[in-house]
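The exercises below are meant to be worked through with the sequence and the 3D view side by side. Please try each task before reading its solution.

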Amino acid sequence: MDLPDFMSYANKFSSSDFTEKISRIAKRAGAKLVYAALILYYTLQSDKVSTKDKAIIIGALGYMISPLDVIPDAIPIAGLSDDLAVLIYVLKKFWIDVDPEVKDRAKERLKKWFDDDEIDEIDTLFE
């Protein structure tokens, strides 16, 4: 799958829209997508992240929030696959620098929507 120009979606991102969308789609999206989105969201809040890297993260999260993307979110199963691909693509760029506290915070937040078996899916995030 070719990735879209997700940077063109940077203007779609807002913290409140992110929170609303992730709450609304969490169960349907699955633990992997939600975990990747939360890690990027929490990483965005760090003062250790460069402005350039924040722009990339905002583009990816904006793409996830936007209802207008390559595969519309309303299409069952496939609708969120492009969102996950974009999030994983960007997350791989930052993964080695992600603070363990951010990972723990994201994992803790998953408990709001998922049971332990579903949360275990994040162990295969990049597979």
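## Exercise 1: helices α3 and α4

The crossing of α3 and α4 is left-handed, where a crossing is left-handed if the near helix is turned anticlockwise from the far one by less than a right angle, and right-handed if clockwise. This is a predicted model, in which local features need pLDDT of at least 70 and side-chain atom pairs count only at pLDDT 80 or more, while totals for chains, interfaces and linings use all residues. Residues are numbered from 1 along each chain as its sequence is written, and side-chain values use heavy atoms, with hydrogens and water left out.

Task: describe how α3 and α4 pack, and list the residues that make the contact.

Solution. Two packed helices are described by the angle between their axes and the distance between the axes. Begin by locating helix α3 at residues 51–65 and helix α4 at residues 81–94; helices (H or I, at least four residues) and strands (E, at least two) are DSSP runs, numbered from the N terminus. Their axes are 9 Å apart and the packing angle is about 165 degrees, with axes being lines fitted to C-alpha atoms, for helices over the stretch in contact, and angles running from 0 to 180 degrees between N-to-C directions. The two helices are therefore roughly antiparallel to each other (angles under 35 degrees count as roughly parallel, over 145 as roughly antiparallel, 65 to 115 as roughly perpendicular and the rest as oblique).

Next, find the contact, which means heavy atoms within 4.5 Å. On the α3 side it is made by D53, I56, I57, A60, L61, Y63 and M64, and on the α4 side by D82, D83, V86, L87, V90, K93 and F94. Sorted by class, the contact of α3 with α4 has ten nonpolar, no polar and four charged residues (Ala, Val, Leu, Ile, Met, Phe, Trp, Tyr, Cys and Pro count as nonpolar, Asp, Glu, Lys and Arg as charged, and the others, Gly among them, as polar).

Finally, look at G59, which also lies in helix α3. At 0% relative accessibility, G59 counts as buried (buried means under 20% relative accessible area, exposed over 50%, partly exposed in between, with a 1.4 Å probe and protein chains only). Leaving aside residues up to four places away in sequence, G59 touches F6, M7, Y9 and A10.

## Exercise 2: helices α1 and α2

Task: work out the relative direction of α1 and α2, and the classes of the residues in their contact.

Solution. Helix α1 covers residues 15–29, and α1 packs with α2 at an angle of about 160 degrees, their axes being 9 Å apart. Therefore α1 and α2 are roughly antiparallel to each other, and their crossing is left-handed. The contact is built from S15, F18, T19, I22, I25, A26 and A29 of α1, together with L33, V34, A37, L38 and Y41 of α2. By class, the contact of α1 with α2 has ten nonpolar, two polar and no charged residues.

## Exercise 3: helices α2 and α5

Task: determine the crossing of α2 and α5, and then examine T43.

Solution. The axes of helix α2 (residues 31–44) and helix α5 (residues 100–110) come within 9 Å and cross at roughly 135 degrees. That angle makes α2 oblique to α5, and the crossing is right-handed. From α2, the contact uses A31, V34, Y35, L38, I39, Y42 and T43, and from α5 it uses V102, K103, R105, A106, K107, R109 and L110. These residues divide into nine nonpolar, one polar and four charged.

Now turn to T43, found in helix α2. T43 is buried, with a relative accessible area of 9%, and a polar atom of its side chain lies 2.7 Å from the backbone oxygen of I39. Beyond residues up to four places away in sequence, T43 touches V49, I57, V98 and V102.

Terms used: Polar contact = N/O pair within 3.5 Å; in protein donor to acceptor, adjacent residues only side chain to side chain.
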